[in-house]
Structure formats: C-alpha cells, structure tokens
Amino acid sequence: MTGNSKWRFDTQVIHAAQTPEEWKWATQAPIFQTASHRFETAEELSDVFAGRKPGFIYQRLRNPTNQTLEKRMTLLEGGLDAVVTGSGMAAVTDAILAICRAGDEIVSGNSLFMSTFLLFNNVFKKFGIQVKLAESADLDAWKAAVTDKTRLLFVETIGNPKMDVPNIRALAELAHANRAPLIVDNTLATPYLFRPFEHGADVVVHSTTKYLNGHGSAVGGVVIDAGRFDWPADKYADFSLYKERKGKLAYIDRVWREIHINFGTSQAPLHSYLTLIGLDTLALRMERHQSNAIKVAEFLQGHGRVKWVNFPGLPASPAHEAAKAQFEGKGYGALLTFGLEDEKACFEFIRRLKLVYHLANLGDCKTLAIHPWSSQYVTFTEDARRANGITPDLVRVSVGIEAVEDILEDIDQALGTV
Ligand code: PLP
C-alpha cells in the first residue's frame, strides 16, 4: 500500500492508500461491483468467516473499493481504522449503536444536523437511549448534563446551521474525566481544516456526501477510530470480548461486526470510488471554499437588504475567536446563513437565483442555497425550529468554488429584486 507519513496533507489526499499491484497499476481505485467473492475451498471461506485470514466475502460485510476509502480516510484523519457507510446518517448510527444500550445516556451539543437531531430525539428514545442536549459552545452546560450513565459525548465541529464552534479539546477532557469517549462529526470542517484526533477526540464521523466527495455525486459516510479509548471494564463490560479479540481495534471491530453488518449500513462500491475521485482535489477545493466564503460573507454583511449574517469568519461572529484558534487560520468553513426581511423575501431571493442552485445539500463545489424553515425543517414545530437556530427570515448558503465575482453578481441581482 502506498503512503508516506512525511507526505503533506495535500499529497496524502491524492496518493495515500493506493495498492498499485492489486489495482493492476490503474491510477484510480477499481470498482469491485460485486455482491459476493468466490472461494476455491470450504477451508478458505471458513478461515475468512472466522477471522483467521483477511478476505472479502460479501459486499454488506466488506468490499475492496470501500476498503481503499477506509484506509485513505484513516490516514487523512490520523486514526487507526475506519468503516465506510451508506450515508452520513448511517455513520452516526453505526458509531453510536456500537456503544449505547437501553438505559444509557448521551450528552450531545444542541447544534445538530436535522436528521441527527431527529435520530437523537425521536428514534433513540424508542430504544431507551436518552440524549441530553447541551449548548454546544457552553462548557458549563455540558458539565451539568454529564452523569455516571453518560456513555459518550457527541458534537459537530461546526454546528449546522447555527455556525457555532465548540472547543473540542475541552470536550475531550470533559469526556475523559467522566471515562466516556468523544465522537466528533467533522463533516463541515473536513480534515483539511481540523483533525479532531489531534485535539483528543476518540471517534470521528463524516457525511462523505459533502466536501469529501465535493461533486454531489454520491451519498456516503465514514466512522474513523483513533484506537485510543480504553473502554474501562467496570463501565463498558460489554467491550471485553472485543478488547480480547482486537485490542486497540476493539471499537471499530464492534462497529463493523455488531452494527454495520447486521443493520446493513454498507456503502455501494461505486460511491466509494466517486468519493475517492473527489478526495483527490479536497485540499485545493477547500482552499477556494475558504477564500470564497469570506468574500461572500463580507459582501452580504455590507448589503443594504441583508439584516444579519452568521459566519464564523466574520469578526462579529460569537464563534470567530474559537474558530480562528481551533482551525489555526486555515479558514472558517464555507457554510453561512443570512437574514432577509421575511419568509416572502427569502422565497423571492431563491426564485431569482440564476447561478446558485436551490437544493438540499451542502459542501458541493457548486454554490447552493436553501430556505430551511420551509424545507428541511417544515415538519418541526415552530419552537423546535427556533431551538435549532432556524427562523423564517433565514437563508443558508453553501459557498462553492466558482469565480467569486460570479457568485457575488448572482446573489446581488437576486437580492436587488427582493
Ligand atoms: N452530519 C452533518 C453535519 C450533515 O450536514 C449531514 C447532512 O447534511 C449529515 C451528517 C448526514 O449525512 P448524509 O446526508 O450523508 O446522511
């Protein structure tokens, strides 16, 4: 397998985890589009099923194309091993269900992607898992929510769509003081901007659908394990078998063996291939995303029709200082929200857009806009929408990598007519 720990991030995104001989010297990972793999002897298949030998059996279990993405993402995040999943939500589900049982508690930041919020508040409740929400950037709120039943802490690096930036190192310390792991959803930052393991996190999840893919061509996710959390026996007795069998790989083995395989959360090999193609240009795209986002935010801030702008890159943002320190000046992400007069003005703005796409996604190389109040959150109660940072006057923009002048001209002409 190719890889060189001395290579810089921008090189790793392209070259890490290639296996040229297995790929017949192709420069892209082959797509192993097969449900099953053949074995010559019953002994061989038995060895692989029993874990005595590595191998590929059936796509829901493991697939060589998926494995290339697992290995590359492991290297990019600085982890020990990973499992790719059929979506970002599958990654969140796999990561948490490998740890929690009925009666457990989770403490999570309250700034959550919509489906994660629904999963935590509605679905996990049915399984007897209680999720306590703490104000993401308020460490005291987290401290007050942690109890001896807390099995894990969960947070998003940049809250979607509140745009808050919690202190990951402080949360990792709080988690560890309470002998619990910290899971970080790093979708909005990507390892280009921030590597949670370097700040003490134990598990990282991503929706690869967003910046990692970058072209809106495939839905996917990944769970990456740092392999550092030691699952103390008195609190996580149900991990002892996995620890005995896999040592530092206990958690990721459990994600895979217990949840991923049996819930059927696997990724289509074609989607891993498309994500790998996207990853090749991650560093370059992220650089442009960062510089464009600042310019769009500043433009909106200075526009007479815009009431407010929420973007961590603006000095006026409450998240500015935390983001600057945590992302070490590399940028502030490329998602922002802004306010117009009212819902009608937002609809009018969206209707007038010509270059910017109106759709429910983010992290694409194309600039995207949406009115979350009337779309993703339309089935939420008004109170729940406001608690999630959604108001009727809010437009969310995922800033793409087009020529920034064209993005600004399109936004300007759409605003000008509001
Ligand atoms: N996490 C975050 C922060 C997201 O923004 C999203 C989707 O927007 C998800 C998870 C879910 O990802 P997917 O749509 O790939 O299931």
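Q: Are Phe338 and Phe349 buried or exposed?
A: The model considered here is predicted. A residue counts as buried when its relative accessible area is under 20%. By that cut-off, Phe338 and Phe349 are both buried.

Q: How are the ring planes of Phe194 and Phe327 arranged?
A: A pair of aromatic rings is described by the distance of the centres and the angle of the planes. The ring centres of Phe194 and Phe327 lie 5.8 Å apart. Their planes meet at 65 degrees, and an angle over 60 counts as edge-to-face. The arrangement is therefore edge-to-face.

Q: How many residues apart are Phe194 and Phe327?
A: Phe194 belongs to the loop between helix H8 and strand E6. Phe327 belongs to the loop between helix H13 and strand E9. The pair thus links distant parts of the chain, and the separation is 133 residues.

Q: Which helix holds Phe349, the partner of Phe338?
A: Phe338 and Phe349 form an edge-to-face aromatic pair, with 5.5 Å from centre to centre and 90 degrees between the planes. Phe338 lies in strand E9, so the pair ties this strand to a part 11 residues away in sequence. That part, which holds Phe349, is helix H14.

Q: Over the ring of which residue does the charged end of Arg62 sit?
A: A charge counts as over a ring if, among other conditions, CZ of Arg is within 6 Å of the ring centre. The charged end of Arg62 is 4.0 Å from the centre of such a ring. The ring belongs to Trp256.

Notes
Residues numbered from 1 in each chain as written. Predicted model: local features only at pLDDT ≥ 70, side-chain atom pairs only at ≥ 80, totals over all residues. Heavy atoms only, no water. Phe/Tyr/Trp six-rings, centres within 6.5 Å; stacked < 30°, edge-to-face > 60°. Helix = DSSP H or I, 4+ residues; strand = E, 2+ residues; numbered from the N terminus. Buried < 20%, exposed > 50% of the residue type's maximum accessible area, 1.4 Å probe, protein only. Lys NZ or Arg CZ within 6 Å of the ring centre and 35° of its normal.
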